[in-house]
Amino acid sequence: MSLGRRTVAAFATSVFVLTAAAPTWAQTPGALSDLVYARAGQAEGELQRRGYQATDRSEVVGDGRLTWWRKGDDCVAIMTRDGRYASINRAGRSECGDSRSGSGNTAAAVVAGVAIVGLAAAIAAHNNRHNDADENHDREYQRGYQAALYGADYDDRHETEGYHEGYLAGEDEARNRRYSNSPWVRNAPMAAQQACSRSADEFQNRPYGSSVPIGVRDLGRGEYELTMATGSYRSRCTVSAAGDVRAMNPY
């Protein structure tokens, strides 16, 4: 394994450790968006006024604490840092103690894992390009990346260099995921998609799960050419319907 690969893999592992207990990073519910960045003590009373109840679940994650709140079948996970609500995200019912949605939560965890890998790879690639790694800059980059990935407005009131660069990277990733979920891309055989995703990760020297197909061309006779996106990088993967990769080339 190359030094660059080890560096990215180690960074990805650290992000997984810090976020393993976290819920799916989903968009903030519109009815609670005004509470993001609010002081935790005041916001807690407002949550209760709006019908949310705290669950027994609370976990330390990195430099913050995650707590889970529910209102009927709705469940949200709240990250508190420095006495303020840093984020409020939708979560699966089972994360608030509802066992009925176990399978759905498993699927949500997979989505969260993909997003986390993409974030880890984006930060590591960014730091490698700039030959730099700063904890505060990385935290701001993560904040911007997640905001763009899940469709939040650009936070020009709290803009920093790291936030700006992360937001641009998150926009790229959001486009990649949107294209990869389009019906015409999903028509490609799943074995072909998965094989090309693994090959693109290796080709771009990124952690597994970083690459997604964003375009597909049927070459006939069970052969396909998939356009792969790895962050802002592109590659072309020629593959069989059974998942045998014939070629991987720059885009």
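Is Arg 175 buried, exposed or partly exposed? I looked it up: Arg 175 is partly exposed, because its relative accessible area is 33%. The scale I used calls a residue buried under 20% relative accessible area, exposed over 50%, and partly exposed in between (1.4 Å probe, protein chains only).

**Ground rules.** I am working from a predicted model, in which local features need pLDDT of at least 70 and side-chain atom pairs count only at pLDDT 80 or more, while totals for chains, interfaces and linings use all residues. Residues are numbered from 1 along each chain as its sequence is written, and side-chain values use heavy atoms, with hydrogens and water left out.

**Entry: Arg 175 and its partner.** I found a salt bridge between Arg 175 and Asp 172, with the closest N and O atoms 2.5 Å apart. A salt bridge here is a side-chain nitrogen of Lys or Arg within 4 Å of a carboxyl oxygen of Asp or Glu. Both residues lie in helix H5 (residues 161-180), three residues apart, about one turn of the helix. Helices are DSSP runs (H or I, at least four residues), numbered from the N terminus. An α-helix has 3.6 residues a turn, so residues three or four places apart point the same way. Asp 172 has 23% relative accessibility, so I noted it as partly exposed.

**Entry: other salt bridges.** I searched the whole structure and noted ten salt bridges. One of them joins Arg 49 and Glu 46 (2.6 Å, N to O). These two sit three residues apart in helix H2 (residues 40-49). Arg 49 is exposed, because its relative accessible area is 61%. I also noted a network of salt bridges linking Asp 34, Glu 46, Arg 49 and Arg 50.

**Entry: helix H4.** Helix H4 has 15 residues and reaches 21 Å from its first C-alpha to its last, close to the 21 Å expected at 1.5 Å a residue. The expected span is 1.5 Å times one less than the number of residues. Eleven of the 15 residues of H4 are buried, including Tyr 141, Gly 144 and Leu 149. Arg 143 and Glu 140 form a salt bridge at 2.8 Å, N to O. Both Arg 143 and Glu 140 are buried. Just after H4, Gly 151 takes a positive phi of about 80 degrees.

**Entry: His 137.** I placed His 137 in helix H4 (residues 135-149). Why does His 137 count as buried? The reason is that His 137 has 16% relative accessibility. Its side chain makes a polar contact of 3.3 Å with that of Glu 165. A polar contact is a pair of N or O atoms within 3.5 Å; within protein, one must be able to donate a hydrogen and the other to accept it, and residues adjacent in sequence count only if both atoms are side-chain atoms. Leaving aside neighbours within four places in sequence, I listed His 126, Glu 161, Gly 162 and Glu 165 in contact with His 137, where contact means heavy atoms within 4.5 Å.

**Entry: rings.** My search of the whole structure gave three aromatic pairs. Tyr 154 and Tyr 163 form an edge-to-face pair, 5.2 Å centre to centre with 70 degrees between the planes. Rings of Phe, Tyr and Trp (its six-membered ring) pair if their centres lie within 6.5 Å; planes under 30 degrees apart count as stacked, over 60 as edge-to-face and the rest as tilted. Tyr 163 and Tyr 167 form a tilted pair, at 5.9 Å and 35 degrees. Tyr 163 is buried at 1% relative accessibility.
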